[in-house]
Amino acid sequence: MTPPSEQDSRLNDLERELTLLSRHFIASRGPRIGQSLDRSAYVLLTRMEAGEPLTLKELAHTFQADVSTIHRQVSSMLQHGLVERIAAPTRSGARTFRPTPLGRERLEADRAISRAGAARLIEAAGWSDARTQQFLTLMTEFNHGIERLEELSRDPSARPAGEPPAAK
């Protein structure tokens, strides 16, 4: 068996560190005491609040999920008053969704808990503001690269040139 190349070794290390980062970040928020949103609602609301109302198809594309999965999650959020459905006349009558005031309020409350967890991780790492900014810059560049690779946009309602508006 040949030893792994430097690139293979680096990729193994990166995969392990990303897995650990994900685990540590989730654990840093502590028990879900005080948090009211499940993970899917948190993630969807975070994306929905970033811009104009979105169709189920746009959300599915953004999260690389089946429309049926997004439909089920958004339906639950509708039932709990976290999002509302609105007509989008500029999109051929497509139905779009946006956070309600309750959805925004609960997202901000859960986000405060998440930020506190991130602060604990930064403090535990002993990082300065400059080091934290450097890490943020690298993560942002990394995520932008992934979005380019996957042909995703930070604005999920943005469509490639020539693509017709999404319908439900």
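Predicted model: local features only at pLDDT ≥ 70, side-chain atom pairs only at ≥ 80, totals over all residues.
Q: Why is helix 3 called roughly perpendicular to helix 4?
A: The axes of helix 3 (residues 56-63) and helix 4 (residues 67-79) come within 9 Å and cross at roughly 115 degrees, with axes fitted to C-alpha atoms over the stretch in contact and angles run from 0 to 180 degrees between N-to-C directions. Angles of 65 to 115 degrees count as roughly perpendicular, those under 35 as roughly parallel, those over 145 as roughly antiparallel and the rest as oblique, and helix 3 is therefore roughly perpendicular to helix 4. The crossing of the two is right-handed, the near helix being turned clockwise from the far one by less than a right angle. In the loop between them lies Gln64, whose phi is positive, near 50 degrees, although the residue is not glycine.

Q: What makes helix 1 oblique to helix 5?
A: Helix 1 and helix 5 pack at about 120 degrees with their axes 8 Å apart, and that angle makes helix 1 oblique to helix 5. The crossing of helix 1 with helix 5 is right-handed. His24, Phe25 and Ser28 of helix 1 meet Ser114, Gly117, Ala118, Arg120 and Leu121 of helix 5, which divide by class into three nonpolar, four polar and one charged.

Q: How do you know that helix 2 is roughly perpendicular to helix 5?
A: Helix 2 (residues 39-48) packs against helix 5 (residues 101-125) at about 110 degrees, with the axes 10 Å apart, and that angle makes helix 2 roughly perpendicular to helix 5.

Q: What makes Arg16 and Asp13 a salt bridge?
A: The closest N and O atoms of Arg16 and Asp13 are 3.1 Å apart, and a salt bridge is a side-chain nitrogen of Lys or Arg within 4 Å of a carboxyl oxygen of Asp or Glu. The two residues are separated by about one helical turn, because they are three residues apart in helix 1 (residues 6-28). The whole structure has six salt bridges.

Q: How do you know that the span of helix 6 agrees with its 21 residues?
A: At 1.5 Å a residue, helix 6 (residues 129-149) should span 30 Å, and its end C-alpha atoms are 30 Å apart, which agrees; the expected span is 1.5 Å times one less than the number of residues. Just after helix 6, Glu151 takes a positive phi of about 55 degrees.

Technical notes. Residues numbered from 1 in each chain as written. Heavy atoms only, no water. Helix = DSSP H or I, 4+ residues; strand = E, 2+ residues; numbered from the N terminus. Contact = heavy atoms within 4.5 Å. Nonpolar A, V, L, I, M, F, W, Y, C, P; charged D, E, K, R; others polar.
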